[in-house]
Amino acid sequence: MKLLPAGIFLAGTLTLLAVSLSFAPPKAANGFAVVELFTSEGCSSCPAAEDLVAQIAAEQQDKAVYILAFHVDYWNRLGWKDPFSSPDFSFRQRHYRELLSIPTVYTPQLILNGKTVFKRSQEPLLRAAIQEGLQATPGGELTLSVLPAGDSALQVRYAYNGKTRRNNLLLTLVQRKAVSRITAGENNGRELTHINVVRKLENIDLKETSAGSYTIALPEGVTAAGCDVIGFVQQSKTGEIIAAGKNH
């Protein structure tokens, strides 16, 4: 039996090690991306942004990417009243303006994880930031489960294992799909398809407890089968979202 020279043996070992490293699986993503789109059926620029988030949702459906479409109400006076709009959603957008020192609010406007603002034209930057969020370490773990509470409400059970001080849990009731025929305003004559339309936004102070239950009433015409509950923990002082989850 011949023994290989030490140099040849070492070179072979390093080659095998390099091969094994090159085929090592990529690091698993354990983060999340909450994409808030502020939109309106009265805005002619908004359908393109809604198409973009729909495409992202389809591409990332197996990952923790949560699309939330908040329909604001300040377009309602300009010819078309958006049936999904709410002054609460307009207030949320204005609050971001204060927290993030945004010069102005507009539609469509996208905010990722409560800390970074994007325009529709900044799609490459948005996509890169989503991937960065998916690879980041969250500030805690949020789990949600949803049960029927009669015919017109849902009971959401939540548990959060991270820091609670100065953090709030926000629960969104999301209608997965909606279609509108627009008969006035900038989108007159168009049929618009929406995904993940926020119908309810509930704020829970985590100061008292990090686990509990909350009942959300279903809006008229909305069924539990057509909805999801997406929750996230947000820092009250900065707006940054540090944990997120979806019902299961």
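**Ground rules**

I am working with a predicted model, where local features need pLDDT of at least 70, side-chain atom pairs count only at pLDDT 80 or more, and totals for chains, interfaces and linings use all residues. Residues are numbered from 1 along each chain as its sequence is written, and side-chain values use heavy atoms, with hydrogens and water left out.

**Entry: the sheet**

I took helices (H or I, at least four residues) and strands (E, at least two) as DSSP runs, numbered from the N terminus. I called two strands paired if DSSP finds at least two bridges between them.

I looked up an open sheet of three strands and read its order as β5-β6-β9, with antiparallel pairing. Its edges are β5 (142–148) and β9 (211–217), each of which pairs on one side only. On average, neighbouring strands here are turned by 25° against each other, direction ignored. For that angle, axes are lines fitted to C-alpha atoms, for helices over the stretch in contact, and angles run from 0 to 180 degrees between N-to-C directions.

Next I checked β6 (residues 153–160) and found seven bridges joining it to β9. Within this antiparallel pair, Arg157 stands opposite Ser213 in β9.

**Entry: the aromatic rings**

I paired rings of Phe, Tyr and Trp (its six-membered ring) if their centres lie within 6.5 Å; planes under 30 degrees apart are stacked, over 60 edge-to-face, and the rest tilted. I count three aromatic pairs by this rule.

Why is the pair of Phe38 and Tyr96 edge-to-face? The ring centres are 6.3 Å apart and the planes stand at 75°, so the pair gets that label. Phe38 sits in strand β1 (residues 33–39) and Tyr96 in helix α3 (residues 87–100), so this pair ties together parts 58 residues apart in sequence. I noted Phe38 and Tyr96 as buried. Buried means under 20% relative accessible area, exposed over 50%, and partly exposed in between (1.4 Å probe, protein chains only).

Phe70 and Phe89 also form an edge-to-face pair, with 5.2 Å centre to centre and 70° between the planes. Phe70 is in strand β2 (residues 65–71) and Phe89 in helix α3, 19 residues apart. Phe70 and Phe89 are buried. Ring pairs link Phe38, Phe70, Phe89 and Tyr96 into a cluster.

**Entry: the cysteines**

I searched for disulfides (a pair of cysteine sulfur atoms within 2.5 Å). I found zero. Are Cys43 and Cys227 buried or exposed? Cys43 counts as buried at 2% relative accessibility. Cys227 is buried too, with a relative accessible area of 5%.
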